[in-house]
Amino acid sequence: MSGNISLLLAASVTSLIWGDAPPPPKFQPHKVTEVMAAVRDLQRAADAVVDGVAGSYEHRLELSERIAERLRAASSDVWRGPSDVHALLSYVLVGGDPGVLRDILRRGAIGEAQRGIALGVLAFAEQRLEQAKVHLLKASLDTLPTDVANAVALAQAAIIAEERPAEAIEKLEVLRLNSRSTQIEASALRQIALAAIRSGQLAEGLATIQRYLRRFPRSLFNEQYITQFATEIASAPGDAAAKLIQRAGFDIAAQNPEAGAKLLLEIAREAVFRGQLDLAVAAASAVAAVPGGDADAKRRATLYKLAAEAATGAGAKAREELLSLPSDGLSASEIELLDASIAISSQVKSRRLPAAAVAPGQAESKPKADKGSTPSERTSPLNAELVNRAKGVLKAADDAIVQRRTN
């Protein structure tokens, strides 16, 4: 009771000195338009995909198409206010049809104040990064709603990641912590991993992949993302990947055996086709250590391991194992790889290789990363570097045989 009296006395004294406190400000309720509500539904659907909710991917596609029809049909008057324009930008940045934004811009419906950022979002969605730089990097986020500001910040980080990876990673880390969107957080983590790998910070990239798979183990897009991670790791310069991948793969597999085995198997495959043979052997060998791995994954890992060894000469003693490897369930490129590896190992065996001939230094050229990011984008399933390495081994063997005969 005495405490309440003290508070009343204090309030009375304050009032006498300073006068009555001003009334609290009146806040006008924020009007949620039809466009804003529809786009918010799409954002929830996108978050559900990341959370691995069954059927959410199909629901998101259907919802995106329905919203696109409504946005195209809306009158030009709808786009005079910033709220609906911001919702339109969110629609595109969350994965909606960028053609909708292009059509509305062509109609001249978006005012000059919003036109610059709208052009930047459209350019980014259509992967015209140079044009996106012009508009988005100078865009101020202060006046944007939080969800739009976060989506634009994600795009800004992606634009600068190649030229300024450290700055991009710092921006993404802040965004990851502040975002209220599951999709934004997941995208930020993936971009951090890719930026780190591409800038030579392989250990940091692998650690971030582990963080991503721990945080979002059920995302419906994880199979696609794991393939992307593997492509970048196999393209990394230097030999750090071969040294790091077994431990990193084991750590990832310990928390998520299915994802760990998938990542290691994809790395082994990408490494073989890109001529990173030491990495292929390391990743394929690590698949065998994954607890509970299925027999098909282990068989395919064995193929990649033996193919890499065959191209360096060590596969001569593994010819019988290659011959006994069943081809059922293998893709067309894997069957071609199996046949080529058997042929290479047979020729290596017939030449009775000296020890010096199996050294990696006998290869005709250094491995070069293929520009294709998926197997379908490569010019040939059998990477030229793999063939070059095998030719180098065979040439060394021929030279040794000729020298012995001459002597």
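## A helical protein, question by question

User: Which residues are linked with E223 in a network of salt bridges?
Analyst: This is a predicted model, and it holds 23 salt bridges. Some of those residues form a network, and E223 belongs to it. The residues linked with E223 there are K262, E266 and R269.

User: How many helices and how many strands does the protein have?
Analyst: The protein has 407 residues, and 46% of them are buried. As for secondary structure, there are zero strands, and the helices come to 19.

User: Among contacts between residues at least 6 apart in sequence, what share joins residues at least 24 apart?
Analyst: A contact here means heavy atoms within 4.5 Å. Counting the pairs at least 6 apart in sequence, the share that joins residues at least 24 apart is 67%.

User: How far apart are the closest N and O atoms of R215 and E185, and what does the salt bridge tie together?
Analyst: R215 sits in helix α11 and E185 in helix α10, so their pairing ties together parts that are 30 residues apart in sequence. R215 has a relative accessible area of 42%, so it is partly exposed, while E185, at 12%, counts as buried. Their closest N and O atoms are apart by 2.9 Å.

User: Is K133 buried or exposed?
Analyst: K133 forms a salt bridge with E163, with 2.9 Å between the closest N and O atoms. This pair also links distant parts of the chain, with K133 in helix α7 and E163 in the loop between α8 and α9. E163 has a relative accessible area of 53%, so it is exposed. The cut-off for buried is under 20%, and K133 has 18%, so K133 is buried.

User: What is the N to O distance in the salt bridge between R72 and D103?
Analyst: R72 is in helix α3 and D103 in helix α5, 31 residues apart, so this is a link between distant parts of the chain. R72 is partly exposed at 36% relative accessibility, and D103 is partly exposed at 28%. Their side chains meet with an N to O distance of 2.8 Å.

User: Which element gives the most residues to the largest nonpolar core?
Analyst: That core has 59 residues, and among the members that touch the most others are I209, F229 and L263. Elements giving two or more residues include α10, α11, α12 and α18. The top contributor, with ten residues, is α14.

User: Which residues does L263 touch, leaving out those up to four places away in sequence?
Analyst: L263 is one of the core members that touch the most other members. Leaving out its neighbours up to four places away, the residues it touches are I209, I226, F229, A230 and I252.

User: Why does the length of α6 agree with what a helix should span?
Analyst: α6 has 14 residues, and at 1.5 Å a residue they should span 20 Å. The expected span uses one less than the number of residues. The end C-alpha atoms of α6 agree with that because they are apart by 20 Å.

User: Which helices do the buried residues of α6 pack against?
Analyst: The buried residues of α6 include Q114, I117, V121 and L122. The helices they pack against are α4, α5, α7 and α8.

User: Is T208 buried or exposed, and which residues does it touch?
Analyst: T208 is found in helix α11. Its relative accessibility is 5%, so it counts as buried. Not counting residues up to four places away in sequence, it touches L189, I192 and A193.

User: What accessible area do Y57, L61 and L220 have together?
Analyst: L220 lies in the loop between α11 and α12, and at 39% relative accessibility it counts as partly exposed. With Y57 and L61 it forms a nonpolar patch on the surface, and the accessible area of the three together is about 240 Å².

Methods. Residues are numbered from 1 along each chain as its sequence is written. This is a predicted model: local features need pLDDT of at least 70, side-chain atom pairs count only at pLDDT 80 or more; totals for chains, interfaces and linings use all residues. Side-chain values use heavy atoms; hydrogens and water are left out. Helices (H or I, at least four residues) and strands (E, at least two) are DSSP runs, numbered from the N terminus. Buried means under 20% relative accessible area, exposed over 50%, partly exposed in between (1.4 Å probe, protein chains only). Patches are made of residues with over 30% relative accessible area and no salt bridge: like charges are joined within 9 Å, nonpolar side chains (Val, Leu, Ile, Met, Phe, Trp, Tyr) within 5 Å. Accessible areas come from the Shrake-Rupley method with a 1.4 Å probe; for residues, only the protein chains shown count as cover. A salt bridge is a side-chain nitrogen of Lys or Arg within 4 Å of a carboxyl oxygen of Asp or Glu. A nonpolar core is a set of buried Ala, Val, Leu, Ile, Met, Phe, Trp, Tyr and Cys residues joined through side-chain atoms within 4.5 Å.
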